[in-house]
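Thank you all for making time this morning.

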Amino acid sequence: MSLEISSGQPRPTEETAARERTRSAILAAAVNVLATKPTASLGDIAAAARVGRTTLHRYFAERQELVDEIGRLAARSRREAAERARLDEGTGLDAVARLCREYYELADLLAVMFSTPGVLEVADTCIGDEDDVNAAIERGHRDGSIRPDLTVDWVQNLVWTFLYTAVDYVARGQGTRMEVLRLTVESLRGAIGTFGTRDTPPHR
């Protein structure tokens, strides 16, 4: 009977898992740091991730590689947010409001998208056409919950405009995250919704 002697070296699957954990830690640290300091250096990010500069460079040789990966992360996160929003349920207005809430939960990632050059461009390229979001808006036109004079592109731009305002408002300490979320969703519903779908009628 022969005995298997372990070399003490990690198996390839263990190495892969360890590398993925380190890569994820660097990405998470990059998002956290860049959300408040868009000009942060790779050294700042390495320190936040608790890895050496050399280690960081093994995963991302230069800053642009890290920016591109954050952009791809943003695209994946946006797709997952759209899935959580259940865009095929309820009125179109309710679906878009849920989407806004789910996007808002990505606050740090949104801050990086809005302030770090290159991230938004990569995210938009990776995500491509957002057919499910467009379909929800078009359903809102048909069911009467979203103003028919507002095009799909215009509604999409309004969503991102309100989100940008919300992220900036919180960053400047003008309100709590929960209060700003409430204001954002109510403002969006008021801007794109038709009378009769809002929680309260307009004052006369």
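Predicted model: local features only at pLDDT ≥ 70, side-chain atom pairs only at ≥ 80, totals over all residues.

Thr-116 sits in the loop between helix H6 (107–115) and helix H7 (119–127), where helices are DSSP runs of H or I with at least four residues, strands are runs of E with at least two, and both are numbered from the N terminus.

Residues are numbered from 1 along each chain as its sequence is written, and side-chain values use heavy atoms, with hydrogens and water left out.

Now for the chain as a whole. The protein chain has 10 helices and 0 strands, and of its 204 residues, 40% count as buried. If we take the contacts in the chain with a separation of 6 or more, residues 24 or more positions apart account for 66% of them. The accessible surface comes to about 12000 Å², and 51% of that belongs to carbon and sulfur atoms; these areas come from the Shrake-Rupley method with a 1.4 Å probe, and for residues, only the protein chains shown count as cover.

Which residues does Arg-78 contact, leaving aside its neighbours within four places in sequence? The list includes Tyr-103, Leu-106, Met-113, Asp-124, Glu-130 and Trp-160, and Arg-78 is itself buried, with a relative accessible area of 2%.

Glu-80 lies in helix H4 as well, but Glu-80 is partly exposed, with a relative accessible area of 42%. On the surface, Glu-80 gathers with Glu-83, Asp-129, Asp-131, Asp-132 and Glu-138 in a patch of negative charge. The elements that give two or more residues to this patch are helix H4 (63–84) and helix H8 (131–143), and the largest share, 3 residues, comes from H8. As for the rules, patches are made of residues with over 30% relative accessible area and no salt bridge, with like charges joined within 9 Å and nonpolar side chains (Val, Leu, Ile, Met, Phe, Trp, Tyr) joined within 5 Å. Asp and Glu count as negative and Lys and Arg as positive, while His and the chain ends are not counted, and the place of a charge is taken as NZ of Lys, CZ of Arg, CG of Asp or CD of Glu.

That brings me to charge pairs. Side chains of opposite charge can pair when their charged atoms come close. A salt bridge here is a side-chain nitrogen of Lys or Arg within 4 Å of a carboxyl oxygen of Asp or Glu, and the structure holds 13 of them. In one of these, the side chains of Arg-23 and Glu-69 meet at 3.4 Å, N to O. This pair links distant parts of the chain, since Arg-23 is in helix H1 (residues 12–36) and Glu-69 in helix H4, 46 residues apart. Arg-23 counts as partly exposed at 25% relative accessibility, whereas Glu-69 counts as buried at 9%.

Another salt bridge joins Asp-149 and Arg-147, with the closest N and O atoms 2.7 Å apart. Asp-149 counts as exposed at 52% relative accessibility, and Arg-147 is partly exposed at 30%. Elsewhere, salt bridges that share partners join Arg-23, Glu-69, Arg-72 and Arg-76 into one network.

Finally, a word on the backbone. Most residues other than glycine have a negative phi. Arg-50, however, has a positive phi near 60°, and this residue is in the loop between helix H2 (42–49) and helix H3 (53–59), where Arg-50 counts as exposed at 79% relative accessibility. Arg-86, which is not a glycine either, has a positive phi of about 50°. Its place is the loop between H4 and helix H5 (92–104), and Arg-86 is partly exposed, with a relative accessible area of 38%.

Conventions: Buried < 20%, exposed > 50% of the residue type's maximum accessible area, 1.4 Å probe, protein only. Contact = heavy atoms within 4.5 Å.
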